[in-house]
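Let's take a walk through this structure together, going from a single side chain out to the whole chain. Have the viewer ready and follow along.

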Amino acid sequence: MNIKMKINNNKENFDSTWDLQTAAIWYFTKLNWRIFPTGRNKIPLIGWSKYRTIKPAIEEVKQWFTQFPTANIGLITGESTGVVVIDIDPRHNGTDEDFK
């Protein structure tokens, strides 16, 4: 994957030609979400624990997803980020009925 970020006056601009993963990386970093690359098995591909308290630099994000072009995107969640995720897994009898 070729990740290209246009830098104008130190601001990253969205490019409508990006693929889905590149666009997601841009949105995650612009929203101050702390992301990292994971394998398809959801295991982190980098040492991620320091990002519980700091946001990765855009240069790091670009390097990770160039190094791991087929990676999934992991998201640091919890009290330090204010991000909560509800994972409903039908394989384990999970249902979204309570959310309808």
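Phe36 is buried, with a relative accessible area of 8%. Keep in mind that this is a predicted model, so every value here is computed from predicted coordinates. Phe36 belongs to strand 3, which covers residues 35-38. On this strand, Phe36 and Thr38 point one way, while Ile35 and Pro37 point the other way.

Which strand does strand 3 pair with? Its partner is strand 4, residues 72-75, and the two run in the antiparallel sense over 4 bridges. At one of these positions, Ile35 has Leu75 as its bridge partner.

Now turn to the rings. How many aromatic pairs are there? The count comes to 2. One of them joins Phe36 and Trp48 in a stacked arrangement, with 5.8 Å centre to centre and 20 degrees between the planes. The angle is under 30 degrees, and therefore the pair counts as stacked. Phe36 sits in strand 3 and Trp48 in the loop between strand 3 and helix 2 (58-67), so this pair ties together parts that are 12 residues apart in sequence. Phe36 is buried, whereas Trp48 is partly exposed at a relative accessible area of 32%.

The other pair is formed by Tyr51 and Trp64, and its geometry is edge-to-face: 5.2 Å centre to centre, with 80 degrees between the planes. Tyr51 lies in the loop between strand 3 and helix 2, and Trp64 lies in helix 2, so the contact ties together parts that are 13 residues apart in sequence. Are these two residues buried or exposed? Tyr51 counts as buried at 3% relative accessibility, and Trp64 is buried too, with a relative accessible area of 7%.

In soluble globular proteins, nonpolar side chains tend to be buried together. In this model the largest nonpolar core has 11 residues, including Phe36, Tyr51 and Trp64, along with Ile25, Ile35 and Ile76 among others. Helix 1 (20-30), strand 3 and helix 2 are the elements that give two or more residues to this core. Helix 2 supplies the largest share, with 3 residues.

The structure holds 1 salt bridge, formed by Arg91 and Asp89, whose closest N and O atoms are 3.1 Å apart. Arg91 counts as exposed at 70% relative accessibility, while Asp89 counts as partly exposed at 21%.

Finally, zoom out to the whole chain. There are 2 helices and 4 strands, following the pattern β-β-α-β-α-β along the sequence. Of the 100 residues, 29% count as buried. The chain exposes about 7100 Å², and carbon and sulfur atoms supply 51% of that area. Among contacts between residues at least 6 apart in sequence, 50% join residues at least 24 apart.

Definitions and conventions. Residues numbered from 1 in each chain as written. Heavy atoms only, no water. Buried < 20%, exposed > 50% of the residue type's maximum accessible area, 1.4 Å probe, protein only. Pairing = 2+ DSSP bridges. Phe/Tyr/Trp six-rings, centres within 6.5 Å; stacked < 30°, edge-to-face > 60°. Core = buried A, V, L, I, M, F, W, Y, C linked by side-chain atoms within 4.5 Å. Contact = heavy atoms within 4.5 Å. Areas by Shrake-Rupley, 256 points an atom, 1.4 Å probe, with all protein chains shown as cover. Salt bridge = Lys/Arg side-chain N within 4 Å of Asp/Glu carboxyl O.
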